[in-house]
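Please read the following report with the sequence and the model side by side, and look up each residue as it is named.

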Amino acid sequence: MVVDVYKSYKIALEQLEADSLCRKLVPVKKSEKFIFAAGKKYLNLSSNDYLGIGADKKVRDGFDSSGYSFGSASSRLLTGNDSIYSELECLISKMYKKESALLFNSGYHANVGIMSGLLSKKDVVFSDKLNHASIIDGIRLSGADFYRYKHLDYKHLEELLEKHRNDYENAVIVTESLFSMDGDIADLKKLVELKNKYGALLVTDEAHAFGVYGENGHGICEEQGCINSIDLIVGTFGKAVGSVGAFCAGNGVLIDWLINRARPLIFSTALPEINIAFSFYVIKDVFSDSKLRREKLFNLTRFLRSKISEKNLKTAGESYIVPVIIGSNEDTCKISKKLLDSGYYLLPVRHPTVPVNSARLRVSLRADLEFSDLNFVDMI
């Protein structure tokens, strides 16, 4: 008897297709604010290059890449720890006035490594219900008990802390600062209050806010004036920095612990020197001159959100991540196709990235757009 070992996967894929949930990889090329796919030019409205730095040729031309390798050939704990890594970690720790900082290969690596490294079966974690999948995966790997509080509902969080905190050795509260699918913002001051009251660590993922929010672009923690009170601040280089990789900054004991326990760090070949050097260059030399970029981005945000409100479309949040919530997968895909046909690269976001029946178009604004680029709203 011949068994089709792929049968169950084929059936499952067919069901995904029927439910408008099947995802496919599309080859693209990018140039400034445009993206090219299947021989067609689109305005890119799905990128996380919030300041337009990644697409800025002048920024790239200003970077001296000479002398940096294109591969590391080892993990950082072996021979992959070039001095440029330490220089960037030193720069980040000084930015946040923290004792230490640690680089990771990506935001996913960082969150999985931090959560699985910090926690054990003796511990507990309290996580916002809409936290990124990388945070959830890290928690699951840790073996710690896991309680999710309702999104941005700090009364519910305190109820959980009051009920469960004393049953465990260590406790961690973890949140995104700027949520990647709803575009709304955590109240970090309230979380600091709760973490102090109940003896917990606070881990804050600034992935989507780093480079934009705050006087110096350090994120929501700077905007809300609570950098010093957060135990670990996580950020990425793959969004507003226009590079690749991630970091966490915080207490020296925690960083030393992660060097010894964060498996994505220990068992991954380090990023090439050239990527780390480019991130260093952008943060040191380009961010300091990015105030006008940030102002432009916030002006675009106010303009787009006003247009969406005028059309009575359903949205959420308050940032430059602007969801247009449609609901059904099928309807969202149809609207996305209509926009693609008209030259707007705005892709559908569906379950499991967002909750069931909340499929949406996730508009990701960037500082190199113009106000006239946002007329696509009239087509929704």
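In this predicted model, the largest nonpolar core holds 85 residues, and among its members Tyr96, Leu365 and Phe376 touch the most others. A nonpolar core is here a set of buried Ala, Val, Leu, Ile, Met, Phe, Trp, Tyr and Cys residues joined through side-chain atoms within 4.5 Å, where buried means under 20% relative accessible area, exposed means over 50%, and partly exposed lies in between, with a 1.4 Å probe and protein chains only. The element that gives the most to this core is helix α11 (residues 273–286), with nine residues; helices (H or I, at least four residues) and strands (E, at least two) are DSSP runs, numbered from the N terminus. A second, separate core has 23 residues, including Met115, Ile135, Leu232 and Cys248. In soluble globular proteins, nonpolar side chains tend to be buried together.

When residues up to four places away in sequence are not counted, leucine 365 touches Tyr50, Leu297, Leu300, Thr301, Leu304, Tyr320, Val322 and Leu374.

Residues are numbered from 1 along each chain as its sequence is written. Because the model is predicted, local features need pLDDT of at least 70 and side-chain atom pairs count only at pLDDT 80 or more, while totals for chains, interfaces and linings use all residues, and side-chain values use heavy atoms, with hydrogens and water left out.

Which residues of helix α5 are buried? In this helix (residues 133–142), they are Ser134, Ile135, Ile136, Gly138, Ile139 and Ser142. The cover over the buried residues of α5 includes α4 (107–118), β5 (124–128), β6 (145–149), β7 (171–176) and β8 (201–205). After α5 comes glycine 143, whose phi is positive, near 85°.

Serine 290 is placed in the loop between α11 and α12 (291–310), and with a relative accessible area of 0% this serine is buried. Leaving out residues up to four places away in sequence, serine 290 touches Leu51 and Ile53.

The next topic is salt bridges, each being a side-chain nitrogen of Lys or Arg within 4 Å of a carboxyl oxygen of Asp or Glu. By this rule the count comes to 18, and the table gives three of the pairs.

| Pair | Closest N to O distance |
|---|---|
| Aspartate 182 and arginine 360 | 2.8 Å |

Aspartate 182 lies in the loop between β7 and α7 and arginine 360 in strand β14, so this pair ties together parts that are 178 residues apart in sequence. Both aspartate 182 and arginine 360 are buried.

Lysine 197 is exposed, with a relative accessible area of 56%, whereas glutamate 158 counts as buried at 17% relative accessibility.

Proline 323, in strand β11 (residues 321–327), counts as buried at 0% relative accessibility. Apart from neighbours within four places in sequence, proline 323 is in contact with Met181, Asp182, Arg305, Lys314, Thr315, Ala316, Arg360, Leu361 and Arg362.

How many disulfides does a search of the whole structure find? The search finds zero, where a disulfide is a pair of cysteine sulfur atoms within 2.5 Å. The sulfur of cysteine 22 is 10 Å from the closest cysteine sulfur, that of cysteine 333, which is too far for a bond. For cysteine 248, the closest cysteine sulfur is in cysteine 221, at 13 Å, again too far for a bond. Cysteine 248 counts as buried, at 0% relative accessibility.

How values were computed: Contact means heavy atoms within 4.5 Å.
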